[in-house]
Structure formats: C-alpha cells, structure tokens
Amino acid sequence: MTGGVDPKFEAELRRGVVQVVALLHLESPRYGYDLVRLLGEAGFAIEEGTLYPILRRFEKQGVLSSRWDTDGARPRKYYELSADGRELKDAMLKAWDAVREATEEAIRQAAAASDGAASESSP
Amino acid sequence: MTTGDPSREEFLARLEDLLPTGEIARVRADVESLILDRAADERDRDPELGQEEAERRAVRALGTPEALAEELVSEPLTIGLATQRSFVRLLAAVFACHLLLSIALTVAGSRTAPIPGLLGPLPREPFAAVLLSVLTIFLIDAGAMLVLFVALGRSRGGAPLPGLFRPARWTRRGAVEGLVLIALLAVLFNVFLENIFSVKQGDLLETFLAREFLALVPWLNVALAFFAARHILTLLGRGGGSASLFADALGALAGSAWLITASTRAEIVQMPTGHKLGQEAADVLDHLLESVFLIVFVVGALLLIVRFVRSGIAWRRSLRRR
C-alpha cells in the first residue's frame, strides 16, 4: 500500500484507545456531550453516535455509575467511574502499556536490523 | 425536555422501534439529552442558527438510528471483565453455599429434601452418585444464575444469550440466519433425533429417549413454524411490525409451553439395557441425562417466557402506534 494510512486502520486503532482515554476522563463526573468535547480537545475527535454506545456498555457492565442532574436548564446525565471501573481502567492501562512496550521493542528491533543491513552493504 | 422537533422525534421514534423493550426508556432519555446538549452548543457557536437546524445537526452526529441501535445491542467489543467477574464471583458464592447446605443436611442425617429438586442431602454411595449430585447442584446454580443475569437485566451487557432465546435483530441477514437455524433444528428433531440420542446395542443404534418424550417432538414444529413466519415477514420488509412481533411472541409461547410439557413427563430418558450396559449403570445414566435434560428444558422455558413477555409488550406498543 502506498500513500497515507487507511482510515479504517486508524479508526480501529483509535476505537480501543478512546475507551481508555474516556475512562481516564471519568475519574470525576461528566455528562456525555462534555466528554465528547474533552476528547475532541485531547485529539480524540469522536461523534456522539460512537461515544454513546461505549458509555452505555460501560454503564451496563457496572464500570460507570450515572445520575441525572435536573437542576440545570436541561436534564443531564453524569457518568463517573465506579470501583469496578477503576479496576478495569487499571487493567486496560496495563494492557495498553504491554502493547506500547511490545510495539516500541518491535520498532527498535526493526531499526537495529535496518542499521545492520545498511552497514553491511556500505563499502 | 423541550418541545418536540420532527427531526429529533423521528430519530428517537425509529431508534425505539429497533431497541429491545427494556432498553427503550433509558436510551431515549440519554440520546435526547445528548441531542439537546449538542444543539445548545451549536447555537452558542452560531447564534443565528434556529433550534430546529441545531437539533438536525446534533442528530446527524449520532449517525443513523439503525447503526446506533446495532452498536447498542451488539456484543461488547471490549473485555467484559466486570461482567465475567461478577458472574463468576456470584456463581462461586451460590454454589459454595448450596453445596455446604447439602453437606450439612447429609451430615445431619436428613432423609428428605427441604426443597425438592433444589436442596437436599447428598447420597453417601456409590461414589458416582455423589459426583453426579455435586454436578447437578453446579448445573442448577449455573442455570439459575444465567436466568437471573439475563432475565432481570443484570447481564451488564456481557452475558450472551443463545440465539434461539434472544429476539434477533430485524435485519434480512438476521432473518436468513434465523431461517437456517430453524431448518437445522427441524431436520434434527424430525429426522435425526433418534439416531443422535442413541447408544449402540450390538450392530444397532437404539435411542435412549423415552417414548413418552418422543411423542411430544412433532409439536415442537408449531413453535418453529411461528419463528419461521417471523423471519419470513422480516425478509418481506415487515420486520419489527405488529405481525412479526405477534409471530415472535406466539413462537416463544409455543416453545416455552413445549419445554414445560416435556420437563413434566414421567420419563424423558429410558436407557436400553443389554449385554454391555447393566441395569445399575443404566439407572445412573438415566438419572444423569434426565437431570441435564431437565435443566436445559427449565432454563430454556424461562428464557422463552421472558422473550414472550418482551415480544408481547413490543406487539402491544406497535398496535398503539398504528
């Protein structure tokens, strides 16, 4: 393949990571659209149609607790990490670290192999 | 909430049609709140924008109702750590308590079961019977936990339901998959049942299913026919309509009635005895297989009753909308 990265590949890559980042932002209570904006500002632009199923799934799994705030102009649902959610977030971060370290190691090995091949071919 | 907007209302009404009944109220409130928040933000950024157009933009950010519903009802992509943990933890606790109570009753010399079929003393011998009883306790607890998690909405999104018991999505692909499954079940029950559930006696295969149970098998076709009708209606573009919901409810009702009738038969299994299988071994196998069939039938019936109630409620809702 030539040119830029396949958008599907990037979307799939982001899909997993955005769940970890969303959990990181939900240490304190946030409502859905607030989280959309925060993720956008953090470089993880995401539409509500993608984020909401993730929040709903986490809520059903007990990873997030939620409450409705009806004091404002509009009722808003606030999400926050539960105790199970903190455990899951830690587990996801560990998994992320393992993937990151393995990827970095693979990049280092590929670079070393490339350097070795270049020095062998030079006169 | 603010007054209705056609675009928002259309989106929410379509989404309602696609969601499982138990999810509708909650998801509708969540999604409506998201739309209104986004619309307010759009209007803050562009004060010239009307409320209607702002809401249309907010709806656009949600994608199509079909795609959103698909995401909401499909299996989780992430690890269901919380789900698995709570199910396993609860099952371990229930099984341990159940087993301890049974051991306590055995040690106390109880001769009768306080709750027949669920709680009673363990047999003291032979060893195979003790193992069988412990296995039965585990299967009962696992089945009950599954029903509890699924039926009472405690699945937390992770416990998958067998396809037969979960109202499939109203898509053509789902309908084709459903029809293939029904065809396979029909062939299994009407053609191969006695060959599959059989033991070899000399050169012949002899079924171990009791005649009383086999006489019931043709009636299962009624439930399969209703489910097939539901899928055919979906293929004809009428999936999710009142006729298909009615067919689904009838299929679930017929299926659960069949399973309850089957589980109340005096004999489901009648192991043939011969030169290889003595009477004692045949009795133990009878008991084991009867227990397994009973658990499958009772759990299946409960799941189908839940499906009947869900489809029935959805059918009534669809009639009210017409």
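# Pairing and packing in a predicted complex

Guide: In this predicted model, strands β1(A) and β3(A) run antiparallel and are joined by two bridges. Residues are numbered from 1 along each chain as its sequence is written, while chains are lettered from A and ligands numbered from 1 in the order in which they are written. Because the model is predicted, local features need pLDDT of at least 70 and side-chain atom pairs count only at pLDDT 80 or more, whereas totals for chains, interfaces and linings use all residues.

Visitor: What makes β1(A) and β3(A) a pair?

Guide: Two strands pair if DSSP finds at least two bridges between them, and β1(A) and β3(A) have two bridges, so they count as paired. Tyr31(A) stands opposite Tyr78(A) of β3(A).

Visitor: How do you know which strands lie at the edges of the sheet in chain A?

Guide: The three strands form an open sheet in the order β1-β3-β2, with antiparallel pairing, and β1 (30–31) and β2 (64–69) of chain A each pair on one side only, as edge strands do. β2(A) is joined to β3(A), residues 76–81, by six antiparallel bridges, and the two form a hairpin with six residues between them. Along this pairing Ser65(A) stands opposite Glu80(A), and Trp68(A) stands opposite Lys77(A).

Visitor: Why are α2(A) and α3(A) called oblique?

Guide: Helix α2 (residues 32–41) and helix α3 (residues 48–60) of chain A pack with their axes 10 Å apart at an angle of about 120 degrees, where axes are lines fitted to C-alpha atoms, for helices over the stretch in contact, and angles run from 0 to 180 degrees between N-to-C directions. Angles under 35 degrees count as roughly parallel, over 145 as roughly antiparallel, 65 to 115 as roughly perpendicular and the rest as oblique, which means that α2(A) is oblique to α3(A).

Visitor: What makes up the contact of α2(A) with α3(A)?

Guide: Gly32(A), Tyr33(A), Leu35(A) and Val36(A) of α2(A) meet Glu48(A), Leu51(A), Tyr52(A) and Leu55(A) of α3(A), a contact requiring C-beta atoms, placed from the backbone, within 7 Å. These residues divide into six nonpolar, one polar and one charged, where Ala, Val, Leu, Ile, Met, Phe, Trp, Tyr, Cys and Pro are nonpolar, Asp, Glu, Lys and Arg charged, and the others, Gly among them, polar.

Visitor: How do you know that α2(B) and α3(B) are oblique?

Guide: The axes of helix α2 (residues 24–45) and helix α3 (residues 51–60) of chain B come within 8 Å and cross at roughly 120 degrees, so these helices are oblique to each other. Their contact has five nonpolar, one polar and five charged residues.

Visitor: What joins β1(B) to β2(B)?

Guide: Four bridges join β1 (residues 198–201) to β2 (residues 204–207) of chain B, and the strands run antiparallel. Gln201(B) stands opposite Leu204(B), and in the hairpin, which has two residues between the strands, Gly202(B) takes a positive phi near 70 degrees.

Note on methods
Contact = placed C-beta atoms within 7 Å.
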